[in-house]
Amino acid sequence: MEPGLTPKGRAFAAIVAAVSAASVVLQYLLLLELTRGNVGVALGTLRFLSYFTILSNLGVIMVCVTALRGAGGFFSRPRVRGALALYIGVTGLIYLLILRHLWQPQGLQWWADTGLHYATPLLYVAWWLLAAPHGRLNLRDAVAWLLFPLLYLAWVLLRGAWLGEYPYPFINAGELGYARTAINATGILAVFLLLGGILLALDRLLSRRRHVPNP
């Protein structure tokens with residue numbers, strides 16, 4: 001098993017993976033139900049995978065399943081675990097501050113929405129803070145974490161130019177124009193950078209605390 005990850009840490013990872021996976025599957029089924037009669041399954045799936053929320057939850061699932069199995073590889077790397085803490089944290093924060101005011105989900109959609117935007121971010125960040133090993137991140141990691149959001153932005157803009165739809169209103173270049181979209185995107189990237197710096201500081205602090213000898 002991976003050194004530094006206790007049985008309790010692996011059990012915690014199993015809970016996070018289960019909550020996130022159930023929410024992702026439920027959201028996918030609900031979205032297919034909405035899109036099957038118009039855009040079809042293929043474009044409906046493309047729309048599903050165009051949400052940062054879904055991509056960050058999928059990343060959480062991969063990290064937590066890898067941790068549960070005690071396996072190595074890409075999703076066991078400290079940089080990747082930290083990246084997912086950042087991505088899912090921003091997912092929850094942006095939803096809480098901006099997006100939750102735009103609609104009122106009901107029924108099964110409420111369960112999917114709560115799992116994706118509240119439960120998974122809180123659980124995963126808690127797992128990363130309390131169970132994951134610390135002390136192996138550096139400033140280059142915090143900078144590297146910006147690559148995925150930048151690639152995601154490029155994809156969303158290309159997809160929007162192609163299909164005429166955007167997953168989030170603050171990067172809707174069709175309505176806002178590219179100048180305003182660029183300003184909004186810069187602000188979001190600044191949030192990524194700021195929170196990435198906070199996670200890096202927490203990683204170092206937790207590493208020092210865990211290595212302090214008992215008196």
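Does Phe52 count as buried or exposed, and at what relative accessibility?

Reply: Phe52 counts as buried because its relative accessibility is 8%; the cut-offs are under 20% relative accessible area for buried, over 50% for exposed, and partly exposed in between, with a 1.4 Å probe and protein chains only. Before going on, note that this is a predicted model, where local features need pLDDT of at least 70, side-chain atom pairs count only at pLDDT 80 or more, and totals for chains, interfaces and linings use all residues. Residues are numbered from 1 along each chain as its sequence is written, and side-chain values use heavy atoms, with hydrogens and water left out.

Now the rings. The structure holds 13 aromatic pairs (rings of Phe, Tyr and Trp, the last by its six-membered ring, with centres within 6.5 Å; planes under 30 degrees apart are stacked, over 60 edge-to-face, the rest tilted). One of them joins Phe52 and Tyr152: the planes sit at 75° with centres 5.2 Å apart, so this pair is edge-to-face. It ties together distant parts of the chain, 100 residues apart, with Phe52 in helix H3 (residues 52–69) and Tyr152 in helix H7 (residues 147–163); helices here are DSSP runs of H or I, at least four residues, numbered from the N terminus. Tyr152 is buried too, with a relative accessible area of 8%.

Helix H7 also supplies Phe148, whose partner Tyr87 lies 61 residues away in helix H4 (residues 78–99). Tyr87 is buried at 8% relative accessibility, while Phe148 is partly exposed at 31%.

Technical notes
Helix = DSSP H or I, 4+ residues; strand = E, 2+ residues; numbered from the N terminus.
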